[in-house]
Amino acid sequence: MEDFDKIILGIDPGTNILGYGLIGIQNKQLNLISTGILRMSKLENHQLKLKKIFESITHIVEEYLPDEVAIEAPFFGKNVQSMLKLGRAQGVAMAAALMKDLPIVEYSPRKVKQAITGNGNSSKEQVAAMIQSILKLKTLPKELDATDGIAVAICHHFQYQFQEKASYTSWKDFATKNKKRIN
């Protein structure tokens, strides 16, 4: 594997399908390392699904050694049972990352879409098309849950990049760090 400045694991949690994406940042360039889905619809019960999520995220973390994890927050819907199950799936994925002492940041679905497309109401297809453009991919993963996982990782990178640039202690500090912008 290449030597990246940072590796981010993005997770789109789900109880039937969980999508994930790993991006590597090298010299401010984004590179797709790996992406995929965990399909759990055939598992007998919710506990088995949670176990598979924990084991799979643990394996991904051990294999790719990400520096940070970004995870999509459960979408607030009308079905309380679905929300509970989705929250458990998210919690188990977070626990797997926490076992390896990885920092975790949570993003709302709207925030992820806004970061990728500029529109918080974008469709999964629009998000996937922008990811293809951002990462300069020839083809996209077949499953939109996989591209959603990538989107969460890219959202986190953009957020981090913005925070990094916006941290100034004074006008003098800003001017010192941005000489090209002040002429």
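Predicted model: local features only at pLDDT ≥ 70, side-chain atom pairs only at ≥ 80, totals over all residues.
Residues are numbered from 1 along each chain as its sequence is written, and side-chain values use heavy atoms, with hydrogens and water left out.

**H1 and H2**

- Helix H1 covers residues 46-64 and helix H2 covers residues 80-98. Helices here are DSSP runs (H or I, at least four residues), numbered from the N terminus.
- H1 and H2 pack at an angle of about 30°, and their axes are 8 Å apart. Axes are lines fitted to C-alpha atoms over the stretch in contact, and angles run from 0 to 180 degrees between N-to-C directions.
- The two helices H1 and H2 are therefore roughly parallel (angles under 35 degrees).
- On H1, the contact (heavy atoms within 4.5 Å) is made by His46, Leu50, Ile53, Phe54, Ile57 and Thr58. On H2, the contact residues include Lys85, Arg88 and Val92.
- This contact of H1 with H2 divides into 9 nonpolar, 2 polar and 2 charged residues. Nonpolar means Ala, Val, Leu, Ile, Met, Phe, Trp, Tyr, Cys and Pro; charged means Asp, Glu, Lys and Arg; the others, Gly among them, are polar.

**H3 and H4**

- H3 and H4 pack at an angle of about 45°, with axes 9 Å apart.
- Lys113, Ile116 and Thr117 of H3 meet Gln126, Val127, Met130, Ile131 and Ile134 of H4.

**The largest pocket**

- The largest pocket holds about 260 Å³ of space. A pocket is an open set of points on a 1 Å grid over the protein atoms alone, where a 1.4 Å probe fits, with protein on both sides within 12 Å along at least five of seven lines; lining residues have an atom within 4 Å of a point.
- Its lining has 14 residues, and Asp12, Glu72, Pro109, Lys124 and Asp148 are the closest to the centre of the largest pocket.
- H3 gives the largest share of this lining, 3 residues.
- The lining of the largest pocket has 9 nonpolar, no polar and 5 charged residues.

**Aspartate 145**

- Aspartate 145 lies in helix H5.
- Among the residues that aspartate 145 touches are Asp12, Tyr20 and Lys124, not counting residues up to four places away in sequence.

Key:
Points joined across faces, edges and corners; volume = space filled by probe spheres on them. Parallel < 35°, antiparallel > 145°, perpendicular 65-115°, else oblique.
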